[in-house]
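Please look at the sequence and the model first.

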Amino acid sequence: MKKLTFENIANYFLKNFFQGLVIIGPIGLTIFVIWYVVTSIDNIIPSVAKEIPGLVFISTILITALLGFLGNKFVVGKFFFDTMDSILERTPGVKHIYTPTKDVMSSFVGDKKKFNDPVWVKTNENPEIWRIGFLTQKEMADVEKHNYVAVYLPHSYAISGWVIVTEEKNIKPVVGMTAASAMKFAVSGGVAGFHSDDNIFKAPE
């Protein structure tokens, strides 16, 4: 039996404290983000939010889903939204906000998702170094970069990233991971993505 000393007690306490942070941190952050989003949308109409909390948020979600349904399933709805899209893309000043926002959102959701083709990219020859990324442009001939492709490389623990243009021979398709798993692997710094059911953050004994 180990002799109880202040150092042993402190180390044992800290080990359990940090394990508690690992458990409660993601839960707390998730609850905070959800609460922030709900209350922010609710506060669009404060008077309604005060009387019936959550009503504005639920209404916004339902209206958004309804607009998506009308825009995809009905000719009149599709014509209306396509016309609005065309007008906004041609309006001076507005187009510089609308077009990039639409392109970024379309890359993550909808029928034109761009980050669904994970690849390995060779970024260094000697020593050989590979990074995981997402193929966003399969050819760059329009800008006179024949046999080149564009790849988006996400940063770890961030929502940012950067784009590189490299030769086709420097990329290989990712095998054994879905696009979602590849993104998780990249953003988590390589600690998640392969075996999502494993307890990655198990405290040391």
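Three bridges link strand β1 (residues 118–124) to β5, and the two run antiparallel. Strands pair if DSSP finds at least two bridges between them. Helices (H or I, at least four residues) and strands (E, at least two) are DSSP runs, numbered from the N terminus. The model is predicted: local features need pLDDT of at least 70, side-chain atom pairs count only at pLDDT 80 or more, and totals for chains, interfaces and linings use all residues. Residues are numbered from 1 along each chain as its sequence is written, and side-chain values use heavy atoms, with hydrogens and water left out.

**Sheet**
- Five strands form an open sheet in the order β4-β3-β2-β1-β5, with antiparallel pairing.
- β4 (161–167) and β5 (171–173) are the edge strands, and each pairs on one side only.
- From one strand to the next, the twist averages 45°; axes are lines fitted to C-alpha atoms, for helices over the stretch in contact, and angles run from 0 to 180 degrees between N-to-C directions.

**Strand β1 and its partners**
- β1 and β2 run antiparallel and are joined by six bridges.
- A hairpin of four residues connects β1 to β2.
- Tryptophan 120 stands opposite lysine 172 in β5 and opposite isoleucine 132 in β2.

**Helix across the sheet**
- Helix α6 (residues 179–187) lies across β1, β2 (129–137) and β3 (148–154).
- α6 runs at about 130° to β2.

**Nonpolar cores**
- A nonpolar core is a set of buried Ala, Val, Leu, Ile, Met, Phe, Trp, Tyr and Cys residues joined through side-chain atoms within 4.5 Å; buried means under 20% relative accessible area (1.4 Å probe, protein chains only).
- The largest core has nine residues, including Phe115, Ile132, Phe134, Tyr152 and Phe185.
- β2 and α6 are the elements that give two or more residues to this core.
- The largest share of this core, three residues, comes from α6.
- A second, separate core has eight residues, among them Val121, Leu135, Val151 and Ile164.

**Isoleucine 132**
- Leaving aside neighbours within four places in sequence, isoleucine 132 is in contact (heavy atoms within 4.5 Å) with residues including Trp120, Val174, Met177, Ala182, Phe185 and Ala186.

Key. Buried means under 20% relative accessible area, exposed over 50%, partly exposed in between (1.4 Å probe, protein chains only).
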